[in-house]
Amino acid sequence: MSNQDPATFFKNISAKLAQSTPANQNVSPLLTQVDQGNGASQQTSSSRNNAAAAAGGNSRTVHASALIERVRYIRNQPKNTSPIDASAHPSLLPAPAPHHRNKKCLILDVDETLVHSSYQETGKHDLHLSIDLDENTTVNVFVAYRPFLQEFLEAISPIFEVVVFTASLGKYCNPLMDAIDKKRLLGNLRLFREHCSLVSSTFVKDLSLLGRNLDQVAIIDNSPVAYLFQQRNAIPITSWFDNPDDDELRRLIPVLKALAEAPNVYEVLDNYNALLQLQQQE
Ligand SMILES: [Mg+2]
């Protein structure tokens, strides 16, 4: 495992599975609430880092038999548990642009995935936004960028149809993303709080409503509740606040390159998430 690139690594797991699997098994007012300490967010930073490292070819051993067993378990989970009939719902996204037609759709969360924003000045911010909430109220927001943010955006923008999807408000997210993505590498597909489904007072990003085939969609989000209805499309990432040594965005790049080349997202993500889950147990 240690000398393989991620695409080969994932392909080999799939090949082993094919050999061993019987044929018949197949809120604040503006920003998102931080789910630090939330039971739904159980994976530790180190476990995710280790899994990402494994995918990149640099980690401790996970037994192949345990990995195959876990992948098999994940593959038996439903792909979509949304209570909403997507065929009776307008698509959240317009039809794909011509240059995106053969690319997978990558959903990117914002708060604690790409940046950390605060109403208080910390002295470490990269961006200051002054946002009018209404005629009489202006709020200051101080934004710190997660390490390797620009490198990450430059790596993913040519190979995916990227959609920024936040449970925050557009009046915060739009100036923020305009500042981060000055060259408009990501295009202009953005979804906000009003596009989320409200479930027990939390915001769920229902990927079945995007107007894309689910097997061509992946989501990077620090909050597991965001992908509650389509967990097999998830690329978990730890919540980032201020750690200058964090490198999860950079570590995800080879995984995403493998994902972009795969026939469908489950070929890579079922294996990737099996690995994450096993390393979480160690
Ligand atoms: Mg978030």
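What percentage of the 282 residues in the protein is buried? I looked this up first in the predicted model, and buried residues make up 35% of the 282.

**Entry: confidence.** I noted a mean pLDDT of 85 for the protein, with 78% of its residues at 70 or more. I then looked for stretches where pLDDT stays under 50. One of them covers residues 20-27, for which the model has four contacts beyond four places in sequence. Another covers residues 33-54, and for this stretch I recorded 46 contacts beyond four places in sequence.

**Entry: secondary structure and sheet.** I found seven helices and 10 strands in the protein. Five strands form an open sheet with parallel pairing, in the order β6-β5-β1-β9-β10. I asked which strands stand at its edges: they are β6 (190-191) and β10 (234-236), and each has a single partner strand, so one side of each lacks a neighbour in the sheet. Strand β1 (residues 104-108) runs parallel to strand β5 (residues 160-165), and the two pair over five bridges. Among the residues of β1, I followed Ile107, whose bridge partner in β5 is Val163.

**Entry: nonpolar core.** I traced the largest nonpolar core, which has 53 residues. Those with the most contacts inside this core are Ile107, Leu108, Val163, Val164, Ala218 and Ile219. Helix α7 (residues 265-281) gives the most to the core, with eight residues.

**Entry: helix α3.** I checked the length of helix α3 (residues 64-75). At 1.5 Å a residue its 12 residues should span 16 Å, and its end C-alpha atoms are 16 Å apart, which agrees. Which residues of α3 are buried? I found Leu67, Arg70 and Val71. Seen down the axis of α3, these buried residues fall within an arc of 100°, so they line one face of the helix. I relate this to the general rule that an α-helix has 3.6 residues a turn, so residues three or four places apart point the same way. On the face turned away from the buried side of α3, I found the exposed residues Ser65 and Tyr73.

Key: Residues numbered from 1 in each chain as written. Predicted model: local features only at pLDDT ≥ 70, side-chain atom pairs only at ≥ 80, totals over all residues. Helix = DSSP H or I, 4+ residues; strand = E, 2+ residues; numbered from the N terminus. Expected span 1.5 Å × (residues − 1). Buried ≥ 20, exposed ≤ 12 C-beta atoms within 10 Å, placed from the backbone. Arc of directions from axis to C-beta. Pairing = 2+ DSSP bridges. Core = buried A, V, L, I, M, F, W, Y, C linked by C-beta atoms within 7 Å. pLDDT = per-residue confidence, 0-100. Contact = placed C-beta atoms within 7 Å.
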